[in-house]
Amino acid sequence: MMQPRVLSLSLLACTLALTACDRTHTPASQTGAPAAPSSTAAAKPAVTADDNLNAVLWMQASAEYPAATTTVYRAAADKLGTALKEKHWDALVPDERGNPATGLPPAVVMDVDETVLDNSPYQARLVRDGKEYDEVTWDAWVAEKKAKAVPGVVEFAKAAAAKGVTILYLSNRAVHLKDATIANLKAVGMPVKDDSVFLGLGTVVPDCEQNGSEKNCRRRLAGQQYRVLMQFGDQLGDFVQITANTREGRAQLLDEYGDWFGERWFMLPNPTYGSWEPAVFNNDWAQPREARREAKRAALNVAP
């Protein structure tokens, strides 16, 4: 709260000599009172414009975001019975299915961040502070275990578990974050059969070489033990390996597997981050922030 300014003249003096009274305050050293902040000298530093402001605000303040996520999970619930009945129904692409799925217990594979848990408060802090993602602040956020459930996911997951379907959490949260993640999942009401259902980044999969944060090896591991009925994620790489993270490469994958969405694959909206972003600036995060922003501006379609 702003402190009232201390006037150098009394109210009576101001009344008698109005022209002598101005808006400047008497220095604190002369009045014994703390100096009020000046509108110019103590101005709060301007926060640099952040590309993520509207995206994070949409996730937190709009009615449209929970409506969209709830729509996705309700649509998936409507398909679950069919998926269970059809013996050959499988949500893994053939290249990632290393063994027959027939006869294996059913499961659904779910990404965690922005698919099950809503981390928009972490993103909001970055916007507020003018910062970008880093592992230190991210790990600290995960340790807080404050993420809420994405609207619609708990109801779907509980309905699936009631039908004997195991929920597998295939996440790019590092394996050292397993305990905090499982605690957060349980706190929001998600079914967690045991620790084995968390397949974090760093999970060792025999005879499969993982490329960066790609999930194909862990999907293979899930397929060794389960018939995967559905996959849920907020990025294309949550469903299939991206071999070329370019706009053209991603579009080609969507053309190839487009029919799987809404049937076996279910995409959650996430405008705040994702591999789609670096695809427009050659995946070069070492560039200055403004250079990346210029590349994104250049990628806009303005219908010339």
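A residue counts as buried when its relative accessible area is under 20%, and in this predicted model both Y122 and W138 fall into that class. Among the 15 aromatic pairs counted here, the rings of Y122 and W138 have their centres 5.3 Å apart and their planes at 75°, so the pair is edge-to-face. Because Y122 belongs to helix α5 (residues 120-129) and W138 to helix α6 (residues 135-144), this contact ties together parts that are 16 residues apart in sequence. W138 also pairs with Y133 in a tilted arrangement, with 6.3 Å from centre to centre and 50° between the planes.

Elsewhere, ring pairs link F239, Y257, W260, F261 and W265 into a cluster. The charged end of R264 sits over the ring of W260, 5.5 Å from its centre, and R264 also lies over the face of W89, at 4.7 Å from the ring centre.

The second largest pocket holds about 220 Å³ of space and has a lining of 14 residues, with D95, V240, Q241, T243 and L253 nearest its centre. Helices α9 (216-225) and α10 (247-257) each supply at least two residues of this lining, and α10 gives the most, with 5 residues. By class, the lining is made up of 5 nonpolar, 5 polar and 4 charged residues.

The model has 1 disulfide, formed by C208 and C217 with their sulfur atoms 2.1 Å apart. The torsion about its S-S bond is about -85°, so the disulfide is left-handed, and C217 is buried, with a relative accessible area of 1%.

Methods. Residues numbered from 1 in each chain as written. Predicted model: local features only at pLDDT ≥ 70, side-chain atom pairs only at ≥ 80, totals over all residues. Heavy atoms only, no water. 1 Å grid on protein atoms, 1.4 Å probe; cavity = no way out; pocket = protein on both sides within 12 Å on 5 of 7 lines; lining within 4 Å. Points joined across faces, edges and corners; volume = space filled by probe spheres on them. Helix = DSSP H or I, 4+ residues; strand = E, 2+ residues; numbered from the N terminus. Nonpolar A, V, L, I, M, F, W, Y, C, P; charged D, E, K, R; others polar. Disulfide = S-S within 2.5 Å. Buried < 20%, exposed > 50% of the residue type's maximum accessible area, 1.4 Å probe, protein only. Phe/Tyr/Trp six-rings, centres within 6.5 Å; stacked < 30°, edge-to-face > 60°. Lys NZ or Arg CZ within 6 Å of the ring centre and 35° of its normal.
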